[in-house]
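Hi,

Here is the structure I promised to pass on to you. Have a look at it first, and then read on for what turned up.

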Amino acid sequence: MRRAVYPGSFDPITYGHIDIIDRALNLFDEVIVAVVRNPSKTPLFTLEERKEIIQKVLPGRDRLRVESFSGLLVDFVSANEATAIVKGLRVVSDFEFEFQMSLLNRQLDPRIDTVFLMTQDRFAFLSSSSVREIASLGGSVKQMVPELVEERLRDKFGFREQTRGQTVDRE
Ligand code: PNS
């Protein structure tokens, strides 16, 4: 049984994350999406919202589990008897930080390896923070996130609809 953990803030989940999850499912018997309880910044979506959204946009993947964690990632990985951490890489600038994180995690627990998966080039520019910013300004994130996420973002930011860059405020 090869089990991997794919950790992140998922604030919110994007098509880039979903692409990495599906690639990880091709490589591992089981993948745990581990939603961090307290990201470095106050999240837009609560932990419960982030987990619920992930579960809803990833139906029918029976080898996938969605969990939350706090504390050290390596402790969560070993408590769940996983052997690998999966990380997505988009652009070269991701590498430096992720390389450092993987070395630190290896020092904390040498039994755990980090596996980097390259994103598809069409997702290379995509990040949750840009999705949040575009949505907060009333722009369309249709190509970037599933419909449910788009709806939840509209609810959060109070926009009812988006037409050619013109936003309509909720009454
Ligand atoms: O989606 P993000 O915000 O880039 O995810 C960051 C995450 C959750 C992977 C990272 O912050 C993390 O691993 N947090 C757990 C705390 C930890 O183990 N820190 C030591 C790693 S050097």
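P12 sits in the loop between β1 and α1 (helices, H or I with at least four residues, and strands, E with at least two, are DSSP runs numbered from the N terminus). The peptide bond leading from D11 into P12 is cis, its omega being near 5°. F10 belongs to the loop between β1 and α1 too, and its phi is positive, near 50°, although F10 is not a glycine. For background, most peptide bonds are trans, and most residues other than glycine have a negative phi.

Please keep in mind that this is a predicted model, where local features need pLDDT of at least 70 and side-chain atom pairs count only at pLDDT 80 or more, while totals for chains, interfaces and linings use all residues. Residues are numbered from 1 along each chain as its sequence is written, and side-chain values use heavy atoms, with hydrogens and water left out.

Now to the ligand. The residues around it include P7, G8, S9, K87, M101 and N105 (near means a heavy atom of the residue within 4 Å). This shell comprises 7 nonpolar, 4 polar and 1 charged residues; Ala, Val, Leu, Ile, Met, Phe, Trp, Tyr, Cys and Pro count as nonpolar, Asp, Glu, Lys and Arg as charged, and the others, Gly among them, as polar. At least two shell residues come from each of β1 (3-8) and α4 (92-108), and α4 contributes the most, with 3.

Which ligand atom lies 2.5 Å from an N or O atom in the side chain of S9? An oxygen atom does, and a ligand oxygen is also 2.8 Å from a polar backbone atom of L73 (a polar contact here is a pair of N or O atoms within 3.5 Å).

The ligand takes up the space of the largest pocket, meaning that more than half of its atoms lie within 2 Å of the grid points. A pocket is an open set of points on a 1 Å grid over the protein atoms alone, where a 1.4 Å probe fits, with protein on both sides within 12 Å along at least five of seven lines; lining residues have an atom within 4 Å of a point. The lining has 39 residues, with P7, G8, S9, F10 and E98 nearest the centre, and α4 gives the most to it, with 7 residues.

Best wishes

Definitions and conventions:
A polar contact is a pair of N or O atoms within 3.5 Å; within protein, one must be able to donate a hydrogen and the other to accept it, and residues adjacent in sequence count only if both atoms are side-chain atoms.
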